[in-house]
Structure formats: C-alpha cells, structure tokens
Amino acid sequence: MGGMSELSALLHEHRRFSPAPAFAAKAHVSDPAIYAQAAADPEAFWAQFATELDWMAPWTQVLDWQPPHARWFVDGKINVSANCLDRHVTGGRRNKAAFIWEGEPGDRRTLTYFDLHRQTCQFANVLKGLGVNKGDRVALYMPLIPELAIAMLACARIGAVHSVVFGGFSAESLRDRINDAQATVLVTADGGYRRGGIVPLKQMADEALADTPSIAHVVVVRRGVADIPVHMSEGRDRWYHELMDGASAQCAPEPMDSEDMLYILYTSGTTGKPKGIVHTTGGYLLGAYATTKWVFDMKDDDVYWCTADIGWVTGHSYVVYGPLANGATVVMYEGAPDWPAKDRFWEIIERYGVTIFYTAPTAIRAFMRWGTEWPARRDLSSLRLLGSVGEPINPEAWMWYHEHIGHERCPVVDTWWQTETGSILIAPLPGITHTKPGSATQTFPGISARILTQQGDAVPVGGGLLAITHPWPSMLRGIYGDPERFVQQYWSKWDRGTYFTGDGAKLDDEGYYWLLGRVDDVLNVAGHRIGTMEVESALVDHPKVAESAVVGRPHQIKGQALCAFVTIKEGVARSEGLADELKAHVAQKIGAIARPDDIIFAADLPKTRSGKIMRRLLRDIAEGKALGDTTTLADPSVVARLRDQYQDEA
Ligand code: WT7
C-alpha cells in the first residue's frame, strides 16, 4: 500500500486504542518496564526466556557475535520436537487437542498432543528407515494437512533439515528447490483442495522428479482426493499409511546443537533465484516461542487460529513451532475463505470457539468488500485477540477488523517480520501497548531497530530504511549454499553488524513504527513475496518474448498487482491471446501466485543511456501517475508512448 497519499494519511492518524483493563489484568505482560530491562541487557533477557524451554545440555555462552555471524546459546543441546510434544505429553496436556483440522470439503480431524507425539515418532522412524540421517534434507510438498506438521516435527526429532515447498508452487519451482537443497527424500500427497478445485500435487511432483537426481525416496500421503490418478513409481514411491503401519512409536529425540540447522525455507529476493533461508534450532525455537506467548498472549485455554499456509514462514513459526512450543490448541484449515460461502472463516471461529485469530490484510480487505453481513451471521464472541501479518495494514482495514470481527473488544496486533527474521520483531504487547490503526507499534523486547538514511544516519522522526541494529535469537544464519550472498544482501548496506530489512518505514514522534513496504525489487502481492526478476525470467523464457520489466501497482484487495511490460520478438503479433498465453506461462513456470495481472506490450522499454531499465518510470505509468524526470532516458519518447498506450488499455 505504498504511495505518498497513503503516507501522509499515516502521518495524521490520531486514533488510539488502549488495552482494556480486564484484558491487561490477565495478560502475560502487564508492566512496560520490561522494555527498558530487555534493552539494558538483551542477552540476559533472552537467556531468562530460554529457561522456559527444555534443554538437554546447558549453553556456555548466550551469544557469540562475529558480525554478521551469530551463534546463540553456544554449546546448548535441545530438540525442537521434544519441546513441542514430549513436555506437554508428560506435563498435563496429553489429551489436550494440539491440532483441530478441517479440510476444505468439510472433513474434520482432531489430534491430541499424545496423537501428535505418537505419529511424529512413527514418522521419524519411517524417515530413519529410508536412510535419512542427521543433517540430510527432506523436501515437503503438501496440502495443509496435519501430516505436514508431523513430517516437520519428525525431521526435527531426528535432526533432518526440512524444506517445505508451498503446494501452490509449480513443478519447476519444486524441482529447483529440491536441487538447491539436494534433498534425498520428498514427502508429498495425492493432492489437496482449493476453492472447490483439486491441486494434483503428486502429478506435479512427478514432473519435478524427472530432474531431481538427489531424491532416493518419495513418500505419498493419501489425502483421499477422489478422481485423481496417482502413479506410484516402483522402488521410489511409497504410501505414507503403509510405512506408518509397521513403524514403532518409540523414537528418542536427537540432542541437537543450538546452532544445528532446523530448516531451509526459500523466499524471493532481488535476483531471479529464490534464496534458501537457513534457520537453526535453539534461537529460532526461542523466538517463535517467546513471541507467540507475549504478542498473542497465549494461554492454556486459548483456541488459536493462524490462517497462513505452512508453506510460508508464518505457518512454520505461528502454525507449528511457536504455538506447539506453548502447548496451544491450534486450528488448521486447508482451504479458501469463500468456500463454499463467504462466511467460512467465521463459521470455523464459531464452531471451535476460536479465541485468537491471525490473518493477513489482503484477506481483511476481501472481507470488507464482501460485506459485514457475512461475519454478522456468526457468533464471534469467543474471540479475544486479533492479529495481522504479511504487509502493511491500511488504517481502514485495521478499523474494520477491530469493529466487525473484534466487536471493539479485542486488541489488534499488527506484526512485522520476515522469513529472514524467523519471528515477530515489531508488534504491540496487547496488555500494555496503546495501538494506532496502521502502525505495528514497537519492537519486541530485546530487539533494536533504527530508521536509517541510505548513508546510515539515524532518523529520529520521519521516514527511511528499516534496520535491525543488534542480533536476535531467531535471525537467519545464512542463505543455503551461498555465504557471500548472505553478507552482501543483508549486512553490506551499512556496517557488517546492521541488518538491512529491505523495507521502508517511518517513526512517528512517539517512537511508533509505520511500515511502508519494500524498497527493493520485491513485490508483495496478496501477502505473498514475489521477486520481479523471477517473473521477468519466466517471461523471457517464453519463445515469443524479447524483454520484460515487471513492476507493482497498487491494488484494492491484493495490496499490489503485478504489471509486466513486455517487448516481443520481431514478426510476432500482439494479441489478447498472447497476453493470456504469457500469463499462463508464468503460472506454469513459478506458480499461480506469480501470474501477472497486466501484460503491457511495448515497442521498447525505457532505458538510461547506459542501458538500465528505468523501473521507476514504469511504476509511475502503472500507477497512472504524472511522469517524473525523464532526462536521463536514452529516448524519452518511449515513455510518453508507453503511458498513452497504457491509459488506452487500462
Ligand atoms: C515482507 C516479508 C512475516 C511473515 C509474512 C511475510 C512485509 C510482513 C508486515 C507488516 C508491513 C509487512 C514486509 C517484509 N510485511 N509483515 N505487519 N507490516 N509489512 O514474510 O514473505 O518473508 O515477507 O513482508 O515488506 O519485508 P515474507
């Protein structure tokens, strides 16, 4: 939701909401002094929090910081699955619901902590039986079903590294991620459901597997999707339920070093190739645990629902690891919010008595458009806290969420973070923070941020680049297989100890953060992070395309829409048919989330005299703005022509 008008609107936001006394009285955090305490000695703060986890061997040093390389809880030994399962099974939550799952067609399952523990141990033994050792990579390409969480926890139990690939990604995207991680096992499913349709995961996996030499075994979960042919390749593919049938439910958790790798998760950057973000064990678990407990004020009797897919980092930290480490009851729903009707989410909240609800602004904006009659039909009185994540939330959406879902009773926590940060870094603490619609408010205790200029000067009040100035436990430890890119991408904008987020933000005169969106070539479309270069590479891969430049333009529901300027090869005719063909090509190459909204055929792209495409101008054209300075252009008429044409077409 970038743009200057939005920004100046933010500067004039005067609404304030203070925590209700009844909420504050019972909240985990009720004393604002925690901020100053944590800031005075962040390592001591984190070390104190870390004692709430179960360690197999103590750490000898809280933080070893050799910028930009951090090691947290040095020499400590810990197992993530034991913290998410065993301690609850033995600690009074044995038959508490861990997951309450609902499939899109309406099928339902509840797994207790005891169930989840048993099945995780069994699947850990299955993986061992397939030759998976500590440190080996296991790729997971699945619908949103409990077996995905079980597979993650099973990997964590034996020290294997999981790499979850979102089920909406294409066969090619899956192939590239498997090959980059050199995964030896793939766990997938026959298929899944989405908005009444079927996602044929195994078929897409088969396509990817034609070119993934590292994969020795494929395990297939039978989701039970009807009418979907599944070809099982002899010697390579095995059914999950058959392997589980004979597997022992005894599997001791592997003592992992704090800094052993827990998972790789690919995310888009400013180049054509997605980055494998590496998270490790002790610090990551602490970040997910601590933020879940404090930002969501998680209590034992809460029913918590984060609507994210596990294929994204939000699902890793706030569907699986954070809530399970807290022993929470987690609702999981496979499908779309408008299937079969536009009150599906509110129906689920009513059915399970959800108390904490965490979703994305793009969804909230869609709900706004659908109208208040849908939530009004359902009993939402169980809710006590609402969260938002993924992109800046515009004040109107914040207010609508507060009024029509929270009934002005529930604190709204806008949470800023990234795949790289592992857990929430900027958000209110709901028992103490006064919120302002559209602001993510303050850094979590123990986190240090600054707004800096390009040159690295601190901006005390006003806009600039968001930087994190002190290491934090759940920070990324690297980019898999590319140590140079890690340093260059995140730790080279200023000094080696200052993390560059890629986001613009503003600090107001009360020290509140207002996130303004990405400042690099990364777009945020419906809360999904998409690299413009990835889409450009997919477009030029099409035989009829000569060149392309992809930019974002504001979109009412999705936040940003993908606008692709394309020059086609000599002798090829422009047509609507070709535009559709190119959109389909991108969806096929990357996944439906990257399908361009607009294809603009151009005779030429605006370039500087040195040949660089001037994206700023294309962005202005796509946003329908007056054109800025074009004097550095090689041929300014290119832009004028494009603008006239875009206005004709739009
Ligand atoms: C980018 C990270 C973190 C989980 C989901 C996305 C944007 C995320 C907010 C927010 C404003 C936000 C940023 C960030 N973003 N949350 N509350 N307010 N912007 O993870 O895919 O790694 O994307 O999402 O631009 O850099 P991700």
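Close-up 1. Element names follow DSSP runs numbered from the N terminus, with helices (H or I) of at least four residues and strands (E) of at least two. Residues are numbered from 1 along each chain as its sequence is written, and side-chain values use heavy atoms, with hydrogens and water left out. As this is a predicted model, local features need pLDDT of at least 70 and side-chain atom pairs count only at pLDDT 80 or more, whereas totals for chains, interfaces and linings use all residues.

**Close-up 2. The open sheet of seven strands with mixed pairing.** The strands follow the order β5-β4-β17-β16-β18-β19-β20, and the edges are formed by β5 (108-112) and β20 (412-415), each of which pairs on one side only. Neighbouring strands of this sheet are turned against each other by 20 degrees on average, direction ignored; the axes are lines fitted to C-alpha atoms, for helices over the stretch in contact, and angles run from 0 to 180 degrees between N-to-C directions. In a regular strand the side chains alternate between the two faces of the sheet.

Close-up 3. A nitrogen atom of the ligand is 2.8 Å from a side-chain N or O atom of Asp-414, while oxygen atoms of the ligand are found 2.9 Å from a polar side-chain atom of Gln-418 and 2.5 Å from a side-chain N or O atom of Thr-419. Taken alone the ligand exposes 550 Å², of which the protein buries 96%; accessible areas come from the Shrake-Rupley method with a 1.4 Å probe, and for residues only the protein chains shown count as cover.

Close-up 4. Strands β21 and β22 (residues 462-468) pair in the antiparallel sense over four bridges, and the bridge partner of Arg-450 in β22 is Ala-467.

**Close-up 5. The hairpin of β26 and β27.** Strand β26 (residues 522-525) pairs with strand β27 (residues 528-531) in the antiparallel sense over four bridges, and Val-525 has His-528 of β27 as its bridge partner. Two residues lie between the strands, and Ala-526 in the turn has a positive phi of about 50 degrees. Ala-526 is partly exposed, with a relative accessible area of 22%; buried means under 20% relative accessible area, exposed over 50%, and partly exposed in between (1.4 Å probe, protein chains only).

**Close-up 6. Helix α16 and His-407 just after it.** Eight of the eleven residues of α16 (residues 395-405) are buried, including Trp-398, Trp-400 and Tyr-401. His-407, in the loop between α16 and β20, has a phi near 50 degrees, a positive value in a residue other than glycine. His-407 counts as partly exposed because its relative accessibility is 40%.

**Close-up 7. Arg-223 in the loop between β11 and β12 (237-239).** At 10% relative accessibility, Arg-223 counts as buried. The side chains of Arg-223 and Asp-107 are joined by a polar contact of 2.7 Å, meaning a pair of N or O atoms within 3.5 Å; within protein, one must be able to donate a hydrogen and the other to accept it, and residues adjacent in sequence count only if both atoms are side-chain atoms.

**Close-up 8. Two cis peptide bonds, at Pro-68 and at Pro-340.** The bond from Pro-67 to Pro-68 is cis, with omega near 0 degrees, and Pro-68 lies in the loop between β1 (61-66) and β2 (69-74).

Note on methods: Pairing = 2+ DSSP bridges.
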